[in-house]
Amino acid sequence: EPRPAVWDRIGALVAGPRSWAVALLVAVIGGALLGLIPQTGADQQAPVVLPPTAESARVAELVKQFPGGDTAPVLLVISRSDGSDLSPEDLAAAQQARDRMTGLSGVAPGPPIPLLPSADAKAALAPLALKSDLNGFELSDTVKALREAARSGLPPGVVASVTGGPAFGADIANSFSGANVTLLAVTGAVVALLLIATYRSPVLWLVPLLVIAFADRIAAVVGAAVAEASGLGGDGSTSGITSVLVFGAGTNYALLLISRYREELRRSSNHREALRTAVRWAGPAIVASNATVVLALLTLLLAKSPTTRSLGVQAAAGLLMAAIFVLLVLPPLLALFGPKLFWPFIPHAGGEDLTTTGAWHRVADWVSGHAGRVASVSILTLAVLATGIIGTPIGLSLIDQFRVKADSVTGFKILAQHFP
């Protein structure tokens, strides 16, 4: 059987007796990147969904030339929890709440605007101006302080909400607080369960999971640096999505390699030779898969939204890191530990060859013998399922962007109910 010369040499490099040096070198370079590339803090920013060329973005820049154009209004909304009319005492408490908010950091100086009761006397509105350069978690902290000041000392049954553009921005930014850690933990747990279920080994899953986790941390730094250098920046959503993609794709690559390695262990008594053969033939499939996804992600550079373009760059860089670590770090570790990693189901030379027996072999054999019918039915099924997107509304309104209850949405709905 012909052997691709390049992949034969790569297989020998990462599966030989000194392959540990390759893994160590890649790990050292990765550690250096973690230490040398400065943290941009982009993962703490709110998504930037509008390009500078958008009409509303251009208007926002023009507005800054007017008096007060460097501020953005937030709206204090006062109502009663039972929906009854606000009493004079309630309105006085609302005035005091507004006064408490005016002295906080981030609130722009200026004369206060009088409290405005609604025509039905069930709500009251008080605008305050914030500095327009607040962003991300700094904006979130400011709005949080405003809400705490507004609610401190209110009479029983009186409800205060802070809404408006900056409040929505703060709630969106705050929705990413801790989200990346949660995503990472859930993704890691799912990957671990899949690896354990696939190989039925209590130890094997640790090796690819640790390799991919290390690749993910480096991918986060490198991807953010590439996005920053290309003028795209980033935000909390792109870094979280990139981690999920790196774990998903990295696990896929590891499964391809380890599965082929296990097959070769049933043919060869030399585990390094088996690993070399596995890398030789699984490597091109991994590279082809990686290149397909990376090129697909780079098409996001054609988008107009800065957040979407940044996601394309960061995710593409992350996927490249995943492939590099699976091909250059994972094989040396597999070679170092040997077949005992598969304990308690350690494959041996001459054992059962699952490529010619078992349920999946029968499935593959049947598909190969009925390729035309399988392809036709599959394409027809996908076409039928795709009709579900016809007429599907794309995008979310401002108040529909949150999965959980947000104070800015509550205040907005009260405004819509009681004011023109």
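## Model and conventions

This is a predicted model, in which local features need pLDDT of at least 70 and side-chain atom pairs count only at pLDDT 80 or more, while totals for chains, interfaces and linings use all residues. Residues are numbered from 1 along each chain as its sequence is written, and side-chain values use heavy atoms, without hydrogens and water.

Helices (H or I, at least four residues) and strands (E, at least two) are DSSP runs, numbered from the N terminus.

## Helices α10 and α12

The axes of α10 (residues 271-298) and α12 (residues 330-337) come within 9 Å and cross at roughly 160°. Axes are lines fitted to C-alpha atoms, for helices over the stretch in contact, and angles run from 0 to 180 degrees between N-to-C directions. The crossing angle makes α10 roughly antiparallel to α12 (over 145 degrees).

His271, Arg272, Leu275 and Val279 of α10 meet Pro331, Leu334 and Ala335 of α12, contact meaning heavy atoms within 4.5 Å.

## The sheet and its helices

Four strands form an open sheet in the order β2-β3-β1-β4, with antiparallel pairing; two strands pair if DSSP finds at least two bridges between them. β2 (116-117) and β4 (158-163) are the edge strands, each with a single partner, so one side of each has no neighbour in the sheet. β1 (residues 71-80) pairs with β4 over 6 bridges, and Leu76 stands opposite Val162 in β4.

Helix α4 (residues 88-102) lies across β1, β2, β3 (123-131) and β4, at about 150° to β1. Helix α6 (residues 165-174) touches β1, β3 and β4, and its direction makes about 90° with that of β1.

Terms used
Angles under 35 degrees count as roughly parallel, over 145 as roughly antiparallel, 65 to 115 as roughly perpendicular and the rest as oblique.
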